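Student: Could you walk me through how the parts of this model sit against each other? I would like to start inside one chain and then move on to the chain pair.

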Amino acid sequence: MTLTFIVFLPLLGALVSLFLPKENHDIHRKWALIVSLVALAVVLGMWGPFDAGNPGIQFEQRANWIPSIGVSYHVGVDGISYPMLIITGLVSVLAILASWNIDHRQKEFFAWMLVLQTAMYGVFVALDYILFFLFWELLLVPMYFIIGIWGGPKREYAAIKFFIYTLVGSAIMLVGILATYLKAGLGTFDIVTIAQQANFDPRFQFWAFLAFFIGFAVKVPMWPFHTWLPDAHVEAPTGGSMLLAGILLKTGTYGFFRIAFPTFPEGADAFKWLMALLSVISIIYGALAAMAQRDLKKMVAYSSVSHMGFVTLGLAAAAGAVAQAKGVGDATVIGQLLANGSMALNGAMYVMISHGLISPLLFFLVGSVLYDRAHTRMMDEMGGYFSKIPVAGTILAFAAFANLGLPGLSGFVGEFFTFVGSFPAFRTLVIIAALGLAVTAGYHLWMMQRVLMGEGKKEESFPDINGRELAVSVPLMVLIVLLGVYPALALSILDPAVSQLMLKLGGM
Amino acid sequence: MAELAWLIPILPLASFVFISLAGQTVKGDGDRVGVAAVGASLILSILVFVDVLDGARVSADFAWAFFGGTQLRLGYQVDPLTATMLVVVTLISFLVHVYSLGYMHGDVRYKRYYAILSLFTASMLGLVLADNLLFLFAFWELIGLCSFLLIGHWYEKRDVGFAALKAFLTTRVGDIGMLVGIMLVFFHARSFQFDAIAEVIASGQWVGPALAAAAVLLFAGAVGKSAQFPLHVWLPDAMAGPTSVSALIHAATLVAAGVYLVARSYAVFSAAPEALATVAWVGGITALFAASIALVMEDIKKVLAYSTVSQLGFMMVGLGVGGFTAGVFHLVTHAVFKALLFLASGSVIHGVDTQNMHEMGGLRKKMPVTFWTWAIGSAALAGIYPLAGFWSKDEILLSVYEGQHTALFWILVIAATLTAFYITRATLLTFFGEPRDRRRYEHAHESPATMTVPLVILAALAVVLGFANSPYSGYWFARFVYFDHPHVPEAAGFVLFWATASWVVGVGLAVLVYGFGLISRRAVIDNLRPVWVLLKNKYYFDELYYLVFVRGTVALARIVGWFDRVVVDGVVNLAGYGTAKLSRATGEFDRDVIDGAVNGIAALFKAGGAVLRRLQTGYVQSYVLALFLTVVVGLLVFAIG
């Protein structure tokens, strides 16, 4: 029941808000904040009862829905989805706080933000294909309106582009879902049951994996399916960008963890090279494209493409490790190879969590804190912010260093584990990707030089960061440091489920 | 005491947290908190050092991360090398903290300065305590961050921001090599811990080119951090930071981290002769190359910067030819006398408000303490008997001689001669002769005690420190810090002769040119103009790198940006345009054919917002239609396939 409560509470909250007076702007944001805080509190309350040592599904709930074709309402969490619930809850609360001063149609805005939460929580807990797909599609609607109504000048173009792109991806994924259901012949849409019991031949796995791959890759987004992202991010209002970058992108990689990899291990094997290649292209290409931007928000958007490449690289490396282990007789060597894969997969999950904290912080700083003051996103028009707004400037520097992978902050840990774990499987590609780190450092430093250093415009002067803005930034910063200093904290939750997935991929 | 070593970096870390969050609440923005914390760390380090002398060794680790069944155990260790580094780092840091009370007095960002100085000290201490490559790398990057922030202390100036960026990026290039090296090490040794890596190598399970490759890649990190050729370009520019920072970070500690890395992972290097040769030759080339540039610099800090690059090269040669103790000992003595020279130059700059030596002259009378301490530091750098630099440089030359690396030996002898020449030149231009800028000369004054006392302490150390590794102490240091087994090179008259000849010639020539004017500077420059121009322009490395790497990368980024906007997105827009056309056609068609069901969904969407009202209903309809068609076609594909 806990999960059902978490998923539907925001939706219920949205419905209730329809009855709140439209003229009272303050009440909507407060209501949305309270509802989201309650949801977050319940998610955090699961920390105690959640059994970290258990790699299986917990907090499970199942009910028949359309029994005739085997659709059921099946929800649950494991070590892979629980961390995603936590960052969903946290970033949702902070995104609402970041949207505090939305200046028109407040009632609708906060209602859509609540609906969006239901969809995000839903995706991460659904264990039935139809339920998963429903939530997956439900993500589009609120985000479409949030970008389309409250976005920047090119919002319509961006909203439609976002919608079409992901809809095409979803359509292909739906094909995969239906084919999987029919081919499995188990008379159920249950994700877990099909992954455990179905016996798909490699040929089918190839095509099914491809279908899911396209659906998920658009969402991640992997090169070359990424061009919706810069537009959507740049045009979206700050709260929207935070959730888009922090959570929505992760639903794509989460799909690989939850569905594509455990259900079609042979498919993953067939696509591992392509996936690794596209990942490394995403890493390098995203970094170079980021460097080319004059628009700070667009730079951050491209950096997301680059960082999500690490996640897919780690996934590909898990398949790569399994392929290496095949045909090896020595048990110790097999163990080491699978440990590499496990490291890469944990690294990928770690990057998801870490990027889920860093990118919302960056989008908040760029889209809200700086924009509200300077009314520009162009880096050439900024300058001297270290002096003008020292606290905000320092937080931006913190976020930039976190994003470029400074040790001691969470970004480094995930990328390091992904690299070290992926190295044995894809040596050349990993070395090429490592070269991208210089570019990544380059555009972040160049940004800091242009935005924070120098003297800036003489006549300009703004107030430094305020209490609300600190309330958004500080929780993210604290977590970024904690996860950067002591990874065992998150790994104790992640690793059992991730390592079990690794064993499953290895056919054990 | 040694088991309390973990506390040594914690104290300055706490001071960093305190100063940055609450510094403004106490007198002096918390500067004294920083001084006290590092002072306490210094005392603790000395106690730990004494303990280690008595044979104490500490190592402790914990499960930092785990994957499946494998645990990643990481922690810290205290052995003679670490204990020595702890004392060096805390000592120099403490003196710089004290010195800065005077030197940075009244600075616009006094609080930020002390906060980052504490953070740097904590990170540097963490680096030398790490018992594994991962932690070492993490602190390695953190000291890079502090260096970036401190070089950029006066970031309003454009050059300063650029110098900070250049320092971080150039070292980052080396760090990428190091990162790949760490991956290779883990791949073969299945551990990041130095002891475990050494065991795997000792057991002979890991040999051949992969080992050499790992060592050379690790060395790439050291090349960046220790500003070795060809990644030396950032260090001279780093002089844009406060001089006290230059003394601590860019002379004594951070730049020595590269040398420390090679020493700490010596098990990997010593098993790969190719890697050792690489270290030695890169060091040798750097030593000579940087010393030659130092000959013609006019900025007193630039002379010291190139001198540091050159001396770090000496240390690398020492390590590269197998002289482990020699390399480490030179690191220690150099930390002392180069920090001394930098702080003394800071005192000069403080007094005359210029860094250009041609605007100085005759300052010895105005600033006697600064002059005498500088003179001792210079003599130590030149390698004059019996100062610290003499003993440590002699050790390196002996190691090279013992290893029969003839070419390297002569390279170092020439580099040592140049060293004696440029430092004598700097001394004469700054402190002797007639004042060349009257106004500045009149204004000049001796610095306050907070600045001169550290100078005197360092000068005293520069005199006595060398004896720690001399026949007079029975080569005590060599019996304390060593790799594998203690090794004391046998004294050789040949080496002693050339070591002495190098400074005699270097100092003598400089005195003839700059002291007595017996050789005309003009004439030398005119006769050697091409060489002089080449040196003045630092062999054009900045220009070359700017053209190839900076412009190249930015151009590549622009191309990718254009490609993304025009080509990738163009295809998408084109497809979108085509679909829109098609959808209008189908829209008209299905308004007549398909009934209310689809219209109902469209109406639902329509109700959502004004924006959508402007959209053609045909869009939404045809998307749903498209979705439906895709599913049908897709399923057909599966059915057939």
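**Domains and chain contacts**

Tutor: The centres of domain 1 of chain B and domain 2 of chain B, taken over C-alpha atoms, are separated by 24 Å, with domain bounds coming from an automatic or database domain assignment. This is a predicted model, in which local features need pLDDT of at least 70, side-chain atom pairs count only at pLDDT 80 or more, and totals for chains, interfaces and linings use all residues. Residues are numbered from 1 along each chain as its sequence is written, while chains are lettered from A and ligands numbered from 1 in the order in which they are written.

Student: How many residues does the contact take from domain 1 of chain B and from domain 2 of chain B?

Tutor: Domain 1 of chain B gives 24 residues and domain 2 of chain B gives 31 residues, where two residues are in contact if their C-beta atoms, placed from the backbone, lie within 7 Å.

Student: And which element gives the largest share of the domain 1 side?

Tutor: That is H3(B), with 16 residues of the side of domain 1 of chain B that touches domain 2 of chain B; helices here are DSSP runs (H or I, at least four residues), numbered from the N terminus.

Student: OK, switching to the chains: how many residues come from each?

Tutor: The contact takes 56 residues from chain A and 53 residues from chain B. On the side of chain B that touches chain A, H6(B) supplies the largest share, 14 residues.

Student: Where does chain B divide into domains?

Tutor: Its domain 1 covers 1–131, domain 2 covers 154–536 and domain 3 covers 543–640.

Key. Helices (H or I, at least four residues) and strands (E, at least two) are DSSP runs, numbered from the N terminus.
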